[in-house]
Amino acid sequence: MKILILKPSSLGDVIQALPVLRLLKLHFRDAEIFWWIDSALAPLIEGDPDLAGIVHFERRRWKSPVHWPEMLRSIRWMRGQSFDLVIDLQCLARSGAFAWLANGKFLVGLDEVREGARGFYDLAVPRKSFHTHAVDWYLSVLPQIGVPVHKNFQWIPERPQIADAVKSKWETGGAKWIAIQPGARWDNKRWPVENFSALVKLLAQKFSDARFAILGSTEDKPLGEKISRIEPNRTLNLCGETSLPEMIEWVRLCDLMITNDTGPMHVAAALGKPLVALFGPTAPRRTGPYGQLQNVLRIELPCSPCMKSHCTWKNPVECLTAVSPQAVFEHAQKLISAT
């Protein structure tokens, strides 16, 4: 049996979709499963024990007609595999079209009306409600094809070589590491960097054995530098310094993560790491840290969650700025004490 999963992006979405892969492989043990993914995110799943292969989606390159022959070769390759089952978890027109072009025997996808991808599917699976969590929506595909849903799987298997390299490269020792994630794709999903700095100061004073790993992209490096100035001898600014697999192993070795609504937040949730998640314009029940919604801090406002990337509230981004460093510290302190 051959299966193709389409979930090209984003980081958090791919992480949240991994349980579908795990349960498919547990049910169809001899199946060859392939994953269609944006090439920039491919390192997330390279070498995954449940995958037979990766199909690279070269989103940036294929925008140019010069590279369309590559795209056509990829489509021909997919058609040549004669997939028994194709699952589109992206539910956009682009992914739906590629899923249809793969010419599998049966095509199932998510019933999302925004781009009409369901028109490509043999079976479209609706979201139970607006607040149904993304993970549960992805998993709801499985009973439709006879695959039972349970939690007896390892969401993100450890990569021992990468884990050892992380510990050696940064000399992590036996410290109590707290991961800090100050960036986010939307500016209005970012808790103020000054608040993160104040929080690190409070945590450093309370926990003398704590060290801080600031995670993020190269664009987040200035944020990391500002936070690092509070405790320069106890802080590593790792923004832009880690690969995606290294970031995952960093989260795995940390005792706690404090984060905005970002992809690495979903990594921490998948790994079962205690976390404090700061939410503003987005809906935690829909896309929050799976299994840890009790650790989401947010302020109720008439406009929140607005689900918009630009704030129009009279007090800009009040849904985040009104969450105080002291409130986050008190919640984090309880989690650290419980570990």
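**View 1. Arg22, Asp48 and Asp50 are linked in a network of salt bridges.** A salt bridge here is a side-chain nitrogen of Lys or Arg within 4 Å of a carboxyl oxygen of Asp or Glu. By this rule the count comes to 14 salt bridges. Side chains of opposite charge can pair when their charged atoms come close. This is a predicted model, in which local features need pLDDT of at least 70 and side-chain atom pairs count only at pLDDT 80 or more, while totals for chains, interfaces and linings use all residues. Residues are numbered from 1 along each chain as its sequence is written, and side-chain values use heavy atoms, with hydrogens and water left out.

**View 2. An open sheet is formed by 6 strands.** Their order is S3-S2-S1-S4-S5-S6, and the pairing is parallel. Strand S3 (53–57) and strand S6 (123–126) are the edge strands, and each pairs on one side only. Neighbouring strands of this sheet are turned by 20° against each other on average, direction ignored. Strands (E, at least two residues) and helices (H or I, at least four) are DSSP runs, numbered from the N terminus. Two strands pair if DSSP finds at least two bridges between them. Axes are lines fitted to C-alpha atoms, for helices over the stretch in contact, and angles run from 0 to 180 degrees between N-to-C directions.

**View 3. Strand S4 runs parallel to strand S5.** S4 covers residues 85–88 and S5 covers residues 107–111. The two are joined by 3 bridges. Which residue in S5 is the bridge partner of Ile87? The partner is Val108.

**View 4. Helices H2 and H3 lie across strands of the sheet.** Contact means heavy atoms within 4.5 Å. Helix H2 (residues 68–80) lies across strand S1 (2–6), strand S2 (32–38) and S3. H2 runs at about 150° to S3. Helix H3 (residues 93–101) lies across S1, S2, S3, S4 and S5. H3 runs at about 175° to S4.

**View 5. Asp38 and Arg59 meet in a salt bridge through their side chains.** The N to O distance is 3.9 Å. The pair links distant parts of the chain, 21 residues apart: Asp38 is in strand S2, and Arg59 is in the loop between S3 and H2. Buried means under 20% relative accessible area, exposed over 50%, and partly exposed in between (1.4 Å probe, protein chains only). Asp38 is buried, at 3%. Arg59 is partly exposed, at 29%.

**View 6. The side chains of Asp111 and Arg118 meet in a salt bridge.** Here the N to O distance is 2.9 Å. Asp111 is partly exposed, with 23% relative accessibility. Arg118 is also partly exposed, with 39%.

**View 7. Lys169 and Glu246 pair in a salt bridge of 3.9 Å, N to O.** This pair also links distant parts of the chain: Lys169 sits in helix H6 (residues 160–169) and Glu246 in helix H9, 77 residues apart. Is Glu246 buried or exposed? Glu246 is buried, with a relative accessible area of 15%. In helix H9 (residues 244–253), 8 of the 10 residues are buried, so this helix is largely enclosed by the rest of the structure. Among the buried residues are Pro245, Met247, Ile248 and Trp250.

**View 8. Gln16 lies in helix H1 (residues 11–27).** Gln16 is buried, with a relative accessible area of 4%. Which residues does Gln16 touch, not counting those up to four places away in sequence? They are His133, Ala134, Val135, Tyr138, Trp155, His266 and Gly288.
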